[in-house]
Amino acid sequence: MLSTPAPAARTLDPALGLRLLYGVVFLFVGGYSNYFSIWLRDAGWDEARIGWIGGVYSACVIAFPLAWGHLTDRWSDPVRVLRITHLAGLVAFLPFIATHAVAPLLGAMFLFAAFRVGVIPAADALTLGHVDRAGGDYGAYRVWGSAGYIVGGFATGLLVEVTSLASVPWTLLATLAGALALVSLLPRPEADPAVAPPTHVLATVRRLWAIPPLRAFYVVTFASRLAAQGLYVFLPLHLQDLGVSAALIPVYWAVGVVAEIAIMRAAPRLFGHLRPSVTLALTFAAAALQFGLMALTTSPVLVLFVMLLHGLSFGLWYYASVIFISRRAPPGERATAQAVFQSLGFGVGGTLSAILSGYVYEAAGGHALFAAAAALALVTLALAVHLARTAGPSPPSAP
């Protein structure tokens, strides 16, 4: 009997799939950033404990992205990594719909973050590989993540208003399920036979660290996240303390993220003539200004306008960082280079920032926290100016 050939697996068009990927990944981030800390406060957690759960997440960014980035480079298959991390992350998040207890949720956050932190390095490696083959600009894909962030914040806020804060973990779980469904439809890229897979992960990290501009860039990244990362945990609480209702908190993030979208789409035209290291210095100047103004004002209306600087302090910063890495790291080691960026910045810097910010906020409030962040942003600016002076011209290839 003749066998019937198996039907071809359904997959999405690569360009559409990448846009939707960033959209659904940051759909979760939008809901999480706007309402997770508020949900924890409503459940009885104090600011110090909220800082610790943020610290647990950031601690996972220290080591686990290196493992996922190395696997992405070694397998030459970011989609495989995305499917594993999304499935395991969904399972690990289940305790958040079952309990408010501190110890179980700290453990659940550790397991969830261990897989979740592999998503962005794999997504960025997949996108940069597609741009290399098909052309285009990385920012044109990444802005879909910014749009997803806005939708996630407002959708979660709407559900909170219609139901209660108890809906927050269920909403986040639903977005994780949607993301898992999407990555199951992404086409797997063909491996480039001209690119040799990396050897041991530590050997790859040592090679990357031996590149002087990359080494300086990683130090600057650590300093920048030490200044800023804790603020993403505590900004919703600070807005609440200024009298902003929970339903309006996504508006503040939406203003910042709309500015982020506009900056990222215009970045090649506005900043393409500059070296990425120079662009990075500009972003840290914007961060110092943003945090300083936040420390000085008590007006929710003025805070709304200050959030426009988020387009520069985060959107342009992240864009310029990815471009810097893509020009300085060997093509076969980009995912690992991106993972080191995540580990030192969002991991080491983010862990310290989240934990210390919790204690600063509990002891002195949000204005003191933003003042400390502004001072650290000025230190980062000084380091970035030194990087811009010593990095030299970038190689010509760019996504």
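A search of the whole structure, which is a predicted model, turns up 27 aromatic pairs, counting rings of Phe, Tyr and Trp (its six-membered ring) whose centres lie within 6.5 Å. Take Trp68 and Phe115: their ring centres sit 5.8 Å apart with the planes at 45°, so the pair is tilted (planes under 30 degrees apart count as stacked, over 60 as edge-to-face and the rest as tilted). Trp68 belongs to helix α2 and Phe115 to helix α4 (residues 102-116), so this pair ties together parts 47 residues apart in sequence. Helices here are DSSP runs (H or I, at least four residues), numbered from the N terminus. Trp68 is buried at 10% relative accessible area, while Phe115, at 26%, is partly exposed (buried means under 20%, exposed over 50%, partly exposed in between, with a 1.4 Å probe and protein chains only).

Tyr149 and Trp253 make an edge-to-face pair, with centres 5.9 Å apart and planes at 70°. This one links helix α6 (residues 138-162) to helix α10 (residues 249-271), across 104 residues, and both Tyr149 and Trp253 are buried.

Helix α2 (residues 47-75) also packs on helix α1 (residues 14-42), at about 135° with the axes 10 Å apart; axes are lines fitted to C-alpha atoms over the stretch in contact, and angles run from 0 to 180 degrees between N-to-C directions. In α1, Phe36, Ser37, Leu40 and Arg41 meet Glu47, Ile50 and Ile53 of α2 (heavy atoms within 4.5 Å).

Residues are numbered from 1 along each chain as its sequence is written. Local features need pLDDT of at least 70 and side-chain atom pairs 80 or more, while totals for chains, interfaces and linings use all residues, and side-chain values use heavy atoms, leaving out hydrogens and water.

Note on methods:
Helix = DSSP H or I, 4+ residues; strand = E, 2+ residues; numbered from the N terminus.
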